[in-house]
Amino acid sequence: MKLDLTDMLYALSFALDEVETELLGIDTGHGKRVTCLALLMGEEAGFREEEMRDFAGCCILHDNALTEFIHEELINSEMPQALSVQVSDIIDGQGTKMNHYHCVIGEQNIRLMPFRTDVKNIILYHHENADGSGALGMTASETPLKAQILHLADIVDMKSRLGTMTKAEFEELRRWVQSKAGTLFSKEAVELFLKAVDYDKVVFVRNKGVLPYLREKVKTTVCDYTDEEIRNIVGLFAKIVDYKSEFTQTHSTGVAEKSEIMAKYYGYDAEKAIRYYFAGALHDIGKLVVVNDILEKPGKLTENEFAEMKNHAAATHYILGQIKEISDIVKWAGNHHEKLNGNGYPQGLTADELSFEERLMACIDIYQALTEKRPYKDGMSHEKSISIMMEMAQRNELDERIVRDMDRVMGDQVPV
């Protein structure tokens, strides 16, 4: 499948930024601002164009394991204090449990990405302090320069508000960065920052817009990725979505797998099958912009809360719609809550407006939700799930033919 990976990561960064804002209280856009700073420093360091492209990807994904941290430490932990994550501790370079965990898991995740240059240990060591007092106890001499640059860019953005900073405040920030040379930051990273980042550049990026600046700074390119590489790319983001809430621990991956099963049943060729898998894996990417208080509310949602919950489908449309050459995937993924009778969302489309693939995705999503086990319910049997879906088909919500086909196909499958 042909895909512009950097373009995709820029688009999906919107969702990742929302997670960071919810967990850490950082101004939205953190990942993209960190990437801007890091690329300015990387350019000063003389990184090649291909290196810059992959480095940008690592910077966008530097906090890719935050939702796993939420799941493992905040949901499964018996220690309520784990819920309190202090940004001041991160800025001060404390070797916090969160820093340690999300660096290690984030590195494992990033190694699945099909980058073309060496990105080893950039994310693993991006919370290491020059003097060895960081998350994993590594000194500047033991960490790659790109990790040192990412570390400085990350801390600088958390410490400051680059979007509104005055020149006097920026000069104070430069003095602070310089004062941390050799302790919090490596001397080489500090030197690159002082040379590459000045107030005029901050204002220029602010006026141009961070994302337009990034797209101009690093030229994106379309590559042909294998099916396995596509699975790894979308699988990472499916995992990020699923780990955001304990209620949906396997939902996206389950929908992706069933999407592929049904694609094969209907005889889709290999290209269309992997694109349909892509849509299934990222159909709920918009849930990253919905706060967990709503995603995990045990009782019935209020009218306003349900309206916000429904926004996740529109957000999926928006996020995936920023990626070039996947308009078919956007529709298959974004319309999974539409109903044939026009009572679905986000657009209230009717049967005549919904393609077979969109109808199929709606059925797969519902079947997966019914059969999967969640903290507040056991998964329903195949027979019970199909019975409920047939009732929905009788109400002209789902395509009856597809429900019958899924009964035939999924009856022999083990629920994910």
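Start by selecting R395, which is partly exposed at a relative accessible area of 47%; with a 1.4 Å probe and protein chains only, buried means under 20%, exposed over 50%, and partly exposed in between. What you have open is a predicted model, in which local features need pLDDT of at least 70 and side-chain atom pairs count only at pLDDT 80 or more, while totals for chains, interfaces and linings use all residues. Residues are numbered from 1 along each chain as its sequence is written, and side-chain values use heavy atoms, with hydrogens and water left out.

R395 sits in the loop that links helix 19 and helix 20. Helices (H or I, at least four residues) and strands (E, at least two) are DSSP runs numbered from the N terminus.

Colour helix 19 (residues 382–394) and helix 20 (residues 400–410); their axes come within 9 Å and cross at roughly 170°. Helix 19 is therefore roughly antiparallel to helix 20. Axes here are lines fitted to C-alpha atoms, for helices over the stretch in contact, with angles running from 0 to 180 degrees between N-to-C directions. Angles under 35 degrees count as roughly parallel, over 145 as roughly antiparallel, 65 to 115 as roughly perpendicular, and the rest as oblique.

Which residues of helix 19 and helix 20 meet? Show H382, I386, M389, M390, A393 and Q394 from helix 19, then E400, V403, R404, M406, D407 and M410 from helix 20. Contact means heavy atoms within 4.5 Å. The residues of this helix 19 and helix 20 contact comprise 7 nonpolar, 2 polar and 3 charged (Ala, Val, Leu, Ile, Met, Phe, Trp, Tyr, Cys and Pro count as nonpolar, Asp, Glu, Lys and Arg as charged, and the others, Gly among them, as polar).

Around F278, leaving out residues up to four places away in sequence, you can pick out contacts with M1, L3, M8, I230, V234, I326 and I329.

**Helix 3 and the cysteines**

Next, select G57 in helix 3 (residues 49–60). Is G57 buried or exposed? G57 is buried, at a relative accessible area of 3%. Beyond its neighbours within four places in sequence, G57 contacts L9 and F115. S13 is 44 residues from G57 along the chain, with 9.8 Å between their C-alpha atoms.

While you are here, look for sulfur pairs: the whole structure has 0 disulfides, a disulfide being a pair of cysteine sulfur atoms within 2.5 Å. For C36, the nearest cysteine sulfur belongs to C59, 9.9 Å away. C36 counts as buried at 5% relative accessibility. C58 also has the sulfur of C59 as its nearest, at 6.9 Å, and C58 is buried with a relative accessible area of 0%.

**Backbone stops**

Most residues other than glycine have a negative phi, and most peptide bonds are trans. Select N121, in the loop between helix 6 (97–110) and helix 7 (145–159); its phi is near 70°, a positive value in a non-glycine residue. N121 is buried at 14% relative accessible area.

Then go to E325, in the loop between helix 16 (303–321) and helix 17, where phi is positive at about 65°. E325 counts as exposed, at 65% relative accessibility.

Last, show the Y345 to P346 peptide bond, which is cis with omega near 15°. P346 belongs to the loop between helix 17 (327–334) and helix 18 (356–371).

**Zoom out**

Display the whole chain: there are 20 helices and 2 strands. Of its 416 residues, 56% count as buried. Among contacts between residues at least 6 apart in sequence, 71% join residues at least 24 apart.
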